[in-house]
Amino acid sequence: MAGSTIDLTRRNRSRTLDRAIILLLAASAGIAIFVTLGIVLSLVGETWLFFKRVPVSEFLFGLNWSPQTAIRADQVGAEGSFGAIPLINGTLLISAIAMLVATPLGLASAVYLSEYASRRARDWIKPALEILAGIPTVVYGFFAALTVAPFIRMTGGQFGLEIASESALAAGIVMGIMIVPLISSLSDDVINAVPQSLRDASFGLGATKSETVRRVILPAALPGIAGSLLLATSRAIGETMIVVMAAGLAANLTLNPLQAVTTITAQIVALLTGDQEFDSAKTLSAFALGLLLFTITLLINIAAQWIVRRYREQYD
Amino acid sequence: MIDFSKSAGFDLAARHRAETRFRWVGRIAILISLGFLAWLLVTVFAGGIGTVRQVEIAVSVDLGADNVDPSDIRDASFGKLVKSGLRGMFPTVKKRKDKKKLYNLVSPEGAFELERRAIADPSILGEVRPVWLTASDDLSLFVRGKIDGALPEDQRPISDKEIAWIGQLEAAGQIRQVANWRFLTGGDSREPEIAGILAALVGSALSLGVCFLLSFPLGIMAATYLEEFAPENRLSDVIEVNINNLAAVPSIVFGLLGLSIFLGAMGLPRSSPLVGGMVLSLMTLPTIIIAARASLKSVPPSIKEAALALGATPVQAVFHHVFPVALPGMLTGAIVGMARALGDTAPLLMIGMVAFIVDVPKSILEPATALPVQIFLWADSPERAFAEKTSAAILVLLLFLIAMNLVAILMRRKLEQRF
Amino acid sequence: MSEPIIAARDVDVFYAEKQALFGVDLDIAAKQVTSLIGPSGCGKSTFLRAINRMNDLIPICRFSGSLKIDGQDVYDPAVDVVALRAQVGMVFQKPNPFPKSIRENVAYGLKIHKMTTSKSELDDRIETSLKSAGLWDEVADRLDEPGNGLSGGQQQRLCIARTIAVEPRVVLMDEPCSALDPIATAVIEELIDELRQDFTIVIVTHSMQQAARISQRTAFFHLGKLVEVGDTDAVFTNPREERTQNYITGRIG
């Protein structure tokens, strides 16, 4: 009798301890939600304060970005000085250049590595490409500003082109190279997921390897590749250091890659690393930009994940 | 009669040519990408490796009793002593503009160096003697071959007269190059020739330390819950989606969060490693969770099943049996996460780590800087010599990253041998 | 026996150091169904895949010996593998239609080999192939729907249509019915019986009953060696080798 009582007690104690531990673990997992909430709340909160001084319509549709003019404490958002369109334009222009560089390089590398390269070649080429992903963006920014931009400017000069020293082209190209390993490794996974039976069918009919890749494998992998391209685009849009160091702060509204533009991220850095008091319209506009950036990248990421999930269902 | 040769029709020749072209497209893409990488690494290396050496000038300084009072060394004006020493070495220099150029041969830090040496070793006082002082940044660059003397005078930062003086000094053996330890042991400076990265290194170390202490325990606890204990319900799905999304949020947004909540609402000290570490930990958390989950997933289920079959509770089974097996993998993931955090600049800029920090921070509450931020600040400086220092700092950063990744790879390889 | 179209002499196949086929000598007759039977791992699929050099896709696989189709050595260095496979087709164990429309599946071979010059010619050949595969009536009104949407048996017939669209001389089939239910199997067996009027068919099957039903010649493989080959009736009712007898009566395999 006494023995079984002690047994029960021991099991109960360990069960409550177990439950406490699991609760602690669950709380840790729940932190993820708290972080997201924190991001949303802080951004939304400061943005709301911002929109009390500057109308939403000016921010979202204004074509003029010059926050420096709104320095006086009593100045209510001067007409057109907080229009984010040039920033969105600059962000998209540089990201587009980056994706134009990275997509062919990344996809071609992925196809070559998964379908053509020998095991030995793959074993060292893949890690070498990963090094590109591991280099800090501040290093890319330095290289872009110090070496690539002058090189492009000089090369352009020889062809009679007037290229700015902080051109969107320079920043876009360097950003593109930085993204290549992302596209390459994501696409590589997607291509490898295409079943071997489809390759067998294609080769059995007498197709060459390039025909099999172009007509069977890539179309089959297309949703997955689209997802990875979206993720890469989101990465490009959110990139900060390369554009801060190589693209400058000229809020030009232009589609010309040879000119200088600025991006949302570069402006956030410029607004918050000067000297100003905390809740001036300038500082708050940085948070509004931050919310804009967060929203854009979040939407793209959700779309990417949805596409990839649809694709996975096709083959599971 | 069946024909399997190349002339069998089926448009073979054109298709095989297309195949060859396709293969080359792949090779060229890889070559371009790796070529760019090589270009970057070579440029940075060539640009920064010169920092290994520092140039010094021997200036004959009069440390006699009427210039320096041995009982009150600090009272002496060492700056004037250096200047008169230089004048003494080049007595023909008369014009005021030329004299300014002459004084610029020695770094502005030279006077302080002299003072420190006099205080440390008073035995050098009392006579005229040559003292090795750090050369100025332009002189340093020229002696080490980084400035092209062949360019027309108005296109270079160093004039013909200065080149002539340098020639004289070299001929007399009064210029030498020594190992530049100050780069690693000194803090930042306005003068590029004596700027060092120690403060930045310590700041980074402290920030990463805070980051690891916060994100690693939280991360592996969260991963353990999600992988071993979480029921298959909406809440778990929401958490998973959340983590995946957080992993893709631009790092600057975490900086804004830190600015608004840690600095603004919580009032923590600006540009401190504490806040820097907290922001970095938020960024690294999703990475660690994802890596830790992968590590837990790779543990053979037989281990957990065996423990349960012997009567262990689920918690005991996980913590006593699954966890130890997965732990090295989790550590590997954490190291990779730390390596990424080491290079991240944007969020640290947001929380104020852009100040000019000379002193090495002694606690996580003092203002500090970090290595990538130091690189960013130096990259912005107009002086030519800072370009070299920036490249050198980048080399140090890359070395740390290589070391951390090597550790992670070695750990992973040791692990893979187990199963 | 009609003129042999495929002649294998002293065929050895190795996977790295492991030998899978030992000195196989086999003649396959034209416009007939020859079945390759034997227990799992006996090398019959390996032999089949050696005929259209699908084994080339496996880097560690080595071939030695002579394998001639219509007098041409398949492994001659002058042979273009693309031309070979355009004329020797293969149907696989698990139906593997491309994730494309039914029309695009059948058109695939015709397009890559540039075998048609106009859209109407392409459509005609698609229709002919689908009819020959006995699938036309079921899909004629939904040619643009995905091939994956068909049932297992229909998908396999689609794969057969795709294979015969390029008008190969030989059609190799690697256990084409093993993933299908009995009704679909019966449909395909009937189809094979019609197809042998136009194509030489070599079929690997693990079902002796199937071999007995549809083939005129049967070859029995065991542990990488060709044990016995002959007219199907003879092999099944009066085998010469003891091992064949053991396999047929279920004592081995």
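Two residues are in contact if their C-beta atoms, placed from the backbone, lie within 7 Å. Keep that cut-off in hand for the exercises below, and remember that the model is predicted.

**Exercise 1. Where chain A meets chain C**

Task: Find how many residues of chain A are in contact with chain C, and which helices of chain A supply them.

Solution: 
- Step 1. Start with the counts: 13 residues of chain A are in contact with 19 residues of chain C.
- Step 2. Now look for the helices on the chain A side. Both α7 (196-204) and α8 (209-238) of chain A supply at least two residues each.
- Step 3. The largest share of this side comes from α7(A), with six residues.
- Step 4. Sort the chain A side by class, and you get seven nonpolar, four polar and two charged residues.

**Exercise 2. The overall form of chain B**

Task: Compare the radius of gyration of chain B with that of a compact globule of 419 residues.

Solution: 
- Step 1. List the elements: chain B has 16 helices and three strands.
- Step 2. For 419 residues, a compact globule would have a radius of gyration near 22 Å, whereas chain B has 30 Å.
- Step 3. Along its principal axes, the C-alpha trace of chain B spans about 95 × 75 × 40 Å.
- Step 4. Turning to burial, 45% of the 419 residues of chain B count as buried.
- Step 5. Take the contacts in chain B between residues at least 6 apart in sequence: 76% of them join residues at least 24 apart.

**Exercise 3. Two helices of chain B**

Task: Describe how α2(B) and α4(B) are arranged, and name the residues that meet.

Solution: 
- Step 1. The axes of α2 (residues 78-89) and α4 (residues 110-120) of chain B come within 8 Å and cross at roughly 110 degrees.
- Step 2. Angles of 65 to 115 degrees count as roughly perpendicular, so α2(B) is roughly perpendicular to α4(B).
- Step 3. From α2(B), F78(B), G79(B), L81(B) and V82(B) meet G110(B), A111(B), L114(B) and E115(B) of α4(B).
- Step 4. By class, this contact has five nonpolar, two polar and one charged residues.

Notes. Residues are numbered from 1 along each chain as its sequence is written. Chains are lettered from A and ligands numbered from 1 in the order in which they are written. This is a predicted model: local features need pLDDT of at least 70, side-chain atom pairs count only at pLDDT 80 or more; totals for chains, interfaces and linings use all residues. Helices (H or I, at least four residues) and strands (E, at least two) are DSSP runs, numbered from the N terminus. The radius of gyration is taken over C-alpha atoms; the globule rule is 2.2 Å times the number of residues to the power 0.38. A residue is buried if 20 or more other C-beta atoms lie within 10 Å of its own, exposed if 12 or fewer, and partly exposed in between; C-beta atoms are placed from the backbone. Ala, Val, Leu, Ile, Met, Phe, Trp, Tyr, Cys and Pro count as nonpolar, Asp, Glu, Lys and Arg as charged, and the others, Gly among them, as polar. Axes are lines fitted to C-alpha atoms, for helices over the stretch in contact, and angles run from 0 to 180 degrees between N-to-C directions. Angles under 35 degrees count as roughly parallel, over 145 as roughly antiparallel, 65 to 115 as roughly perpendicular and the rest as oblique.
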